[in-house]
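Here are my notes on the model you passed along.

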Amino acid sequence: MTYSAFRRWADVPLPGSPMLSVVIPAYNEERRIVPTIGAIASFCSDFEPSWELIVADDGSSDGTADLVEALHLANVRLLRDVNQGKGAAVRRGILAAGGELVLFTDADLSTPIEHLGPMVTLLRAGGADVVVGSRAAHGADVHSRSPLRRALTSATAALSKAVLHLGVNDTQCGFKLFDGAAARWLFSRQTITGFAFDLEILHLARRAGMTVVEVAVEWHDAPGSKVSGVSDTFRGGRDLLRIRANTWLGRYDELVRS
Amino acid sequence: MSVLVSLDPDHHGRRSPAIPGRLDCHRASGLRAELLSDAQALEGLSLDLSDTTFIDMAGIEMLSELGDELGAQGLSFDVGAVSQPVQVILELTRRAGSIDRPDLVVASP
């Protein structure tokens, strides 16, 4: 790794569209956002010189957005908006992204950014439109996941398989890489803005005939998770039924044709 | 000998506690106790973070507090070597105004 690559990225704006966009949705992440940006910037500046970072602030009431602004990094864009949910923040970030490849990653960086490399290789080889980081795939290295989060992940995967027939074992891991055009196509058709937005995006991808591949990742439990057991389970179940209802009503077929 | 902190001699034969892997909230408090003990044995601490892959705010605060505590005991403290990710994180953390500790910032290579 070369420090000069980071300095160049930090100081010199890219002349055109980037090869890679990294999107971080952020809600009240003042404790985590700067180390997360640092780790991503260190890796990506060396991995792909043409890249941008987009922080989609979801109406944080703490100093998250101000900290990002204070960094004065040439290729970081901060999108501020009122609080609308994680799905809305990710959508805003991805629709603003200009990259040929688009990664979204959670602000807690539970999956180390180094896992981007193999996912990009897979996507560039033409084997996938969407590469999903997975804690449930063979070879995943999961550290300290709480029983609640384990149960939520398993329940969501089981429900999404039963109700939506998604062939993905971990729909909720916040580390997903998209072909840029596919990402913009999918997120421009997204209707769910809450926690279960991933399910709708993967459902849309499947209905559009895109190839979705799961890749085992390392995952570290981060304290201060925004997942709250009962209410998120309830909202997730409600969103799942909305996706099912939209499917029955043919709304996704209309969206896929549009 | 610490189980979390390697004390292998460097190529100059000095012993600097090294912290490989992640220095995050899960390790910070356990490491602090070990590093305090190492500092007393070594009569000061020059940390080697060249194999540290990630440091979060808990890790940065632990180092900052450790520096304060060792200073109060009259022991020296500095960070002798850092990996690039840690260097960038420390630089951005200082740029954002979250830390103001010269002993946690290593000169650019």
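1. Polar contacts first: chain B and chain A share eight residue pairs in polar contact, with both partners at pLDDT 80 or more. Keep in mind that this is a predicted model, so treat the pairs as computed from it.

2. Which elements give two or more residues to the side of chain B that touches chain A? They are β3 (52–55), α2 (57–72) and α3 (84–95) of chain B. Of these, α3(B) gives the most, with nine residues. By class, that side of chain B has eleven nonpolar residues, along with six polar and five charged ones.

3. On charge pairing, the rule finds two salt bridges across the interface of chain B and chain A. If you want one to look at, go to E91(B) and R7(A): their side chains meet in a salt bridge at 2.3 Å, N to O. The cut-off for that N-to-O distance is 4 Å, which means the pair at 2.3 Å counts.

4. Now the extent of the interface. In terms of contacts, 22 residues of chain B touch 22 residues of chain A. The size of an interface is often given as the accessible area lost when the parts come together. Here the area buried between chain B and chain A is about 2,000 Å², and carbon and sulfur atoms give 61% of that. Three residues stand out on the chain B side: Q84(B), L92(B) and R95(B) supply 31% of the area that chain B buries against chain A, more than any other three residues.

5. A word on chain B itself. Its secondary structure comes to three helices and four strands, and from the N terminus on the order is β-α-β-β-α-β-α. Chain B has 109 residues, and 50% of them count as buried. Its accessible surface is about 5,000 Å², with 50% belonging to carbon and sulfur atoms. Among contacts in chain B with a separation of 6 or more, 72% are between residues 24 or more positions apart.

6. Last, a spot in chain A. Is T111(A) buried or exposed? T111(A) sits in the loop between β4 (101–105) and α5 (116–124) of chain A, yet its relative accessible area is 4%. The cut-off for buried is under 20%, so T111(A) counts as buried. Leaving aside neighbours within four places in sequence, T111(A) is in contact with C173(A), F175(A), V217(A), E218(A) and W219(A).

Notes: Residues numbered from 1 in each chain as written. Chains lettered and ligands numbered in written order. Predicted model: local features only at pLDDT ≥ 70, side-chain atom pairs only at ≥ 80, totals over all residues. Heavy atoms only, no water. Buried < 20%, exposed > 50% of the residue type's maximum accessible area, 1.4 Å probe, protein only. Contact = heavy atoms within 4.5 Å. Areas by Shrake-Rupley, 256 points an atom, 1.4 Å probe, with all protein chains shown as cover. Buried area = accessible area lost by both parts, 1.4 Å probe. Polar contact = N/O pair within 3.5 Å; in protein donor to acceptor, adjacent residues only side chain to side chain. Nonpolar A, V, L, I, M, F, W, Y, C, P; charged D, E, K, R; others polar.
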